[in-house]
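Hi,

Here is the structure I promised to pass on.

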Amino acid sequence: MRAITYHRVSTGKQAESGLSLNDQADRTTADLARRGWEHVGTYTDAGKSGRNLTGRPELRAALAVLAAGEADVLVVTAWDRLARSIVTFARIMALAEAEGWALVALDLDLDTSTPAGKMTAGILAVVAEFQSDKIAENARMTHRRRRMVGKRAGQAPVLDQAVRSEVAA
């Protein structure tokens, strides 16, 4: 079986540290070796949202390789690394089915080449979207509370106040 691995982290801090990306790479590499699958490529989107396909050039490149028949399976460490919305996940699943390749998530040892794997993957997509929605909701609530007490909401500015004032002027 010819396998492609895909790794993703959402935030710039995660991308900068590289820890999660390295962990994902170590896990997929070890699992492919254990299964005896040929590793034909690794694709990584660092600091990219999993909510849609837009803005993830590496995932789109991996999907193109799978569509061309140059690999048989797309391997991720966890389903939420691949998709954080039902729509995105459903689009990827439809591509896999139409083009004849499989998805494998190592965290739950699921393989969509089986009917049970397809069903479970669909359920997990709903859970991943819920989790993403809850994270966004919590962030909005925190930002609203901070603004109500006169504090800054969101990440700290990259430029200091003097530079920002000069740009604004």
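How many helices and strands are there in the protein chain? There are seven helices and five strands, where helices (H or I, at least four residues) and strands (E, at least two) are DSSP runs numbered from the N terminus. Before the rest, two caveats. This is a predicted model, so to speak of local features I need pLDDT of at least 70, and side-chain atom pairs count only at pLDDT 80 or more, while totals for chains, interfaces and linings use all residues. Residues are numbered from 1 along each chain as its sequence is written, and side-chain values use heavy atoms, with hydrogens and water left out.

**Overall layout**

Starting at the N terminus, the order of elements is β-α-α-β-α-β-α-α-β-β-α-α. Along the principal axes, the C-alpha atoms fill a box of roughly 60 × 30 × 25 Å. Of the 169 residues, 35% are buried; buried means under 20% relative accessible area, exposed over 50%, and partly exposed in between (1.4 Å probe, protein chains only).

G36 sits in the loop between α2 (19-35) and β2 (38-46). With a relative accessible area of 61%, G36 is exposed. Its C-alpha atom is separated by 39 Å from that of A136, 100 residues apart along the chain.

**Helix packing**

Helix α5 (residues 86-99) packs against α6 at an angle of about 155°, and their axes are 9 Å apart. That makes the two helices, α5 and α6, roughly antiparallel. For the geometry, axes are lines fitted to C-alpha atoms (for helices, over the stretch in contact), and angles run from 0 to 180 degrees between N-to-C directions. Angles under 35 degrees count as roughly parallel, over 145 as roughly antiparallel, 65 to 115 as roughly perpendicular, and the rest as oblique.

α5 also packs with helix α3 (residues 57-67), here at about 20° with the axes 10 Å apart, so α3 and α5 are roughly parallel. The crossing of α3 and α5 is left-handed, whereas that of α5 and α6 is right-handed. A crossing is left-handed if the near helix is turned anticlockwise from the far one by less than a right angle, and right-handed if clockwise.

**Salt bridges**

The structure has five salt bridges, each being a side-chain nitrogen of Lys or Arg within 4 Å of a carboxyl oxygen of Asp or Glu. Here are some of them:

- D31 pairs with R35, the closest N and O atoms being 2.3 Å apart. Both lie in helix α2, four residues apart, about one turn of the helix. D31 is buried at 12% relative accessible area, while R35 is partly exposed at 24%. A network of salt bridges links D31, R34 and R35.
- R81 and D80 meet at 3.5 Å, N to O, and both are buried.
- K134 and E137 meet at 2.8 Å, N to O. They are about one helical turn apart because three residues separate them in helix α6. K134 is partly exposed at 34%, as is E137 at 31%.

**A nonpolar patch**

Which residues make the nonpolar surface patch of about 410 Å²? V158, L159, V163 and V167 do. L159 lies in the loop between α6 (115-148) and α7 (161-168), and is partly exposed at 46% relative accessible area. Patches are made of residues with over 30% relative accessible area and no salt bridge, with like charges joined within 9 Å and nonpolar side chains (Val, Leu, Ile, Met, Phe, Trp, Tyr) within 5 Å. Accessible areas come from the Shrake-Rupley method with a 1.4 Å probe; for residues, only the protein chains shown count as cover.

Cheers
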